[in-house]
Amino acid sequence: MSQRRHPLQGLTFKLALFYLLLSVPALALIQWTIVSLEFHELFEAVDSGRMAAMTREAADEIGKHWNNDEPPGQMELATRAEALVLRLERPQDGLAPASYVMLELSKVPIAVGVYDTAGKVLATAPESGWLATPPTAGDASWGEAQETGSVNLPGAEEPERVRRVLAVIRDGKGQLRGFLLTELRLPLPWQRITGEKSFEWPILLVYLVVFSLATAFFMVRWVTRRLNTIADAAESWSSGNFSTLIPDDSGDELGRLSRDLNQMAAELMSLMQSRAELASLQERQRIARDLHDTVKQKAFALNLQIRAARRLIGQDDEAAKSRLDDSFELINGIQRQLVNVLHELRSEGPPRGFLAPRLRELAERWARLSGLQREFDLDDSVPDHAVHGEALLRIAEEALANVLRHSGATRVAIGLHRKDEQIALTIADNGVGGADRSGGMGLANMRARAEALPGGHFELISAPGAGTEVRVRCNYGARL
């Protein structure tokens with residue numbers, strides 16, 4: 001059984017961590033984008049002359065209350081300056097609809113100062129804020145403001161963006177009474193994002209926590225639990241139990257995946273059954289070939305020996321006794337071969353040794369039965385590989401049986417050689433030849449065994465009157 005992951009390694013925890021890592025910079029980016037757009041909108045309005053126009057209007061309003069040479073009281077001037085600050089900060093009829101961005105970027109974004117004709121400060125606003133910066137004494141801006149009614153003073157772009165407007169104050173008779181200075185000073189948006197956080201941040205973080213918890217609950221309830229069910233079923237399938245199905249009938253992607261996997265499990269079960277049936281059929285065919293090439297051939301030889309012994313009884317008892325002794329040996333061989341077949345069914349394969357001794361023993365046995373002369377050219381170093389050895393031995397046994405049955409030969413030559421990574425087996429006789437290449441089961445078995453070997457090749461050479469030669473070649477070292 002596979003072990004479940006620790007909760008801190010699970011999909012739910014990773015998803016929550018992903019939201020945290022992604023959402024915090026995403027929220028900062030969103031806020032920076034919104035503030036930047038509002039920031040640029042505000043300064044577009046300021047640079048288009050909106051702050052200058054509102055400053056002139058406020059200067060004209062102050063001038064209406066300037067009686068002769070007596071200016072309004074300091075309290076009145078401060079109140080009117082404060083009113084200008086409030087009007088500039090209003091989103092509706094202030095500098096711009098995005099005027100509220102000023103308060104997001106700075107607690108005191110605007111300062112206003114009232115000056116007399118000599119440049120002496122009479123009042124400032126806001127009361128607890130910073131002071132606007134007037135032009136120096138003798139600066140040409142004072143005279144330019146008198147000529148045009150107002151002038152935009154030099155500002156700055158960074159580290160803060162600054163805009164200043166100087167407007168003249170004239171009384172009802174058009175006499176110069178003083179100056180009104182308005183200064184806008186705001187930090188750039190990125191400084192605000194990396195510095196002091198606005199009140200939206202706690203709200204956004206709370207939303208993020210709630211969203212993450214809700215997502216985690218959803219993942220646990222509708223995703224990870226179902227994935228664990230799929231994993232349990234897959235684990236059962238890996239152990240060979242395809243009867244386990246995934247109980248998920250929902251219509252979403254995981255439900256469709258579960259149904260597809262259930263169908264796959266059913267098809268795998270059917271495939272495994274088919275492969276088992278095919279393997280059983282192939283094993284029966286292999287056993288049939290083995291019995292044909294061994295037991296059947298020995299039974300054929302046993303039949304010859306018994307017939308010969310029956311003819312010799314009463315004529316040559318010693319010869320008959322010798323034939324019966326050979327018959328007993330054949331019977332023992334049949335028994336041993338049946339034991340070997342049963343042993344193959346119970347074990348992984350026959351023991352390994354060298355192939356040449358087994359081929360020599362096989363040829364000697366057939367020679368005693370038939371009186372054939374035999375010639376050997378065997379490489380004693382060829383291993384009796386579990387795959388190659390058995391197949392080559394069965395081919396040789398079938399070829400020798402065909403020599404005895406059909407060829408009328410008096411001599412048979414058996415060769416076994418190994419060159420590099422290839423093995424060659426040859427069995428040649430001096431019989432009548434003319435073997436039918438599309439003959440019976442024996443020839444078909446030899447061809448099937450040879451071609452089933454790695455790189456296997458089977459060749460039959462049998463010209464009429466020139467004997468018959470069986471050639472088999474295969475690669476050594478590769479496995480089936």
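Residues are numbered from 1 along each chain as its sequence is written, and side-chain values use heavy atoms, with hydrogens and water left out. Because the model is predicted, local features need pLDDT of at least 70 and side-chain atom pairs count only at pLDDT 80 or more, while totals for chains, interfaces and linings use all residues.

Helix α11 covers residues 355-370; helices (H or I, at least four residues) and strands (E, at least two) are DSSP runs, numbered from the N terminus. Its 16 residues reach 23 Å from the first C-alpha to the last, close to the 22 Å expected at 1.5 Å a residue, where the expected span is 1.5 Å times one less than the number of residues. Among the buried residues of α11 are Leu 359, Arg 365 and Trp 366, buried meaning under 20% relative accessible area with a 1.4 Å probe and protein chains only. Gly 371, with a positive phi near 80 degrees, follows the helix.

The structure holds 2 cavities of 30 Å³ or more. On a 1 Å grid over the protein atoms alone, a cavity is a set of points where a 1.4 Å probe fits but cannot get out, a pocket is an open set with protein on both sides within 12 Å along at least five of seven lines, and lining residues have an atom within 4 Å of a point. Grid points are joined across faces, edges and corners, and a volume is the space filled by probe spheres set on the points.

| Space | Volume |
|---|---|
| Largest cavity | about 50 Å³ |
| Second largest cavity | about 40 Å³ |
| Second largest pocket | about 400 Å³ |

In the second largest pocket, 23 residues form the lining, and the closest to the centre are Asn 402, His 406, Ala 435, Asp 436 and Thr 468. Helix α12 gives the most to this pocket's lining, with 7 residues.

Elsewhere, 5 strands form an open antiparallel sheet in the order β2-β1-β5-β4-β3, two strands being paired if DSSP finds at least two bridges between them. Strands β3 and β4 (residues 160-170) pair over 5 bridges, and Val 151 has Leu 166 of β4 as its bridge partner.

Methods. Buried means under 20% relative accessible area, exposed over 50%, partly exposed in between (1.4 Å probe, protein chains only).
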